[in-house]
Amino acid sequence: MKRLNVLHPKSLVKVMAILVALLVNTGGFSGVAAAQSPEASAEVVSGTVAASEHGAPSAHGEEKAGDVIMHHVFDSNIFAFHPFGEIELPKIAPVAGIDISITKHVVMMWLVSAILLVVFAFVGGKYKKMTNRQAPKGLTNAVEALVEFIRLDVAKSNIGHGYEKHLPYLLTVFFFILLCNLLGLVPYGATATGNINVTLALATFTFFITQVAALKAHGLKGFLVHLTAGTHWSLWIIMIPIEVIGLFTKPFALAIRLFANMTAGHIVILSLIFISFILKSYIVAVAVSVPFSIFIYLLELFVAFLQAFIFTMLSALFIGLATAHEGHDELAAEVAHH
Amino acid sequence: MLTSGVILLQANLLSPNPGLIFWTAVTFVIVLLILKKIAWGPIISALEEREKGIQSSIDRAHQAKDESEAILRKNRELLSKADAEADKIIREGKEYAEKLRSDITGKAQEESKKMIAAALSSIEQEKHRALDVLRNEVADLAVMGAEKIIKNALDADMQRKIVDSMLQDLSTKRN
């Protein structure tokens, strides 16, 4: 992570330098066209850029910025590769009243899964072949740094004893979310984690794992005792609902946090770009839209890592709270009895 | 423009989609299971093995250090013991040499004393013997003188001459 930070300012300057040069060029070129018929050319640019960036059907031509932005963020049945055309995803007949058609975000998740499987099949194979005396290098080394980070700084420090059991879930959820976040930043990609349904499903896993861990750690009795928060029985009528709500708010906050962070970044980038289309001004485009959207984009890269880390971190924390904390109390009680 | 966005936001952004939840769950579980088998297992076991390996090498290094320190201590002890031994041997040698020297000198002195005593006694004996010989000689001479005196008639002159000649004889013989 530290290494990334060191490289960051340098690469940012490079990217800016390249982009400014490009912008000046295209700006000058478009300026000529704009001089002939400013209205029309702006309209055309707006239409094509909007279409190419956000997969909106360009047939209508005049689309509202808000619609385009929302269309970009939303899930849909159409995977658009403007200007190369679009793929209509197949519809599947509803099963038990649930529409399980494949959507854009499902395809993105499958893409993420495929990349994960390929990368980790490669890395896992390397590890199987590697002896104790060999050092990992290249991709293996990069993956190992992340795995070791999740293993020690996230799982071990938050869950403590018995963290190995939860490690596969935490690692998978980290890499899955990270790659979903990153693929959302790739052109033509979509952010699956920017969809509340996806994050809700992931948070539900955390919820169930937390509850199962708590049940296993203290048994049904300990679990129910925890719901009373150790208060007097007369307070139970208040405490039990509060504790039950508390059980659900944690994963709910997890789902909302990830969804909101991923969606907000995209909406901000698109809004910044659309400012120039709304105001129909190249000066705004060069001075405001592009620099700021690049800045937000880089911020989004950071947020992609950060949110994947936070989701994993909080999952580990919840599991740790559900298992270790109560265990200590019980241990203390047992010691007191003896 | 914005109103349409807000409407869409309300309509779609937070609306539940059970199909997507289903697909997320299915995809995630499959990925989890496959990755657990192909990646997390080998990676984590390799990491743990390496951790153990590093720990055991550290332990072994510590052990080796302790051992070498013990050996060093032992060596030092041996060295100091050997030093003491050498000192003792040297001291004993010196003592022995000293004793030997004093013995030898004592013996030599005794020997020389004996020799001196022997020489003195032999000198004494020789002296006695010489005196005896001289005494016999003097007696013989006196007897011879007396003989001569008796042989020549006993007048005074003659007697005087005889004693003188005898004394002359004595003195020449003595010289």
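The secondary structure of chain A amounts to 9 helices and 2 strands, where helices (H or I, at least four residues) and strands (E, at least two) are DSSP runs numbered from the N terminus. This is a predicted model, in which local features need pLDDT of at least 70 and side-chain atom pairs count only at pLDDT 80 or more, while totals for chains, interfaces and linings use all residues. Residues are numbered from 1 along each chain as its sequence is written, and chains are lettered from A and ligands numbered from 1 in the order in which they are written. Read from the N terminus, the elements of chain A follow the order α-α-α-β-β-α-α-α-α-α-α.

Of the 338 residues of chain A, 35% count as buried; a residue is buried if 20 or more other C-beta atoms, placed from the backbone, lie within 10 Å of its own, exposed if 12 or fewer, and partly exposed in between. Two residues are taken to be in contact if their C-beta atoms, placed from the backbone, lie within 7 Å. Among contacts in chain A between residues at least 6 apart in sequence, 66% join residues at least 24 apart.

Apart from its neighbours within four places in sequence, Phe174(A) is in contact with Ile150(A), Ala308(A) and Thr312(A).

In H4(A), the buried residues include Met108(A), Met109(A), Val112(A), Phe120(A) and Tyr127(A). The cover over the buried residues of H4(A) includes strand E1 (78-80), helix H5 (139-159), helix H6 (167-183) and helix H7 (196-227) of chain A, together with H2 of chain B.

Between the chains, 36 residues of chain B are in contact with 45 residues of chain A. Helix H1 (2-13) and helix H2 (18-151) of chain B each supply at least two residues of the side of chain B that touches chain A, and the largest share of that side, 26 residues, comes from H2(B).
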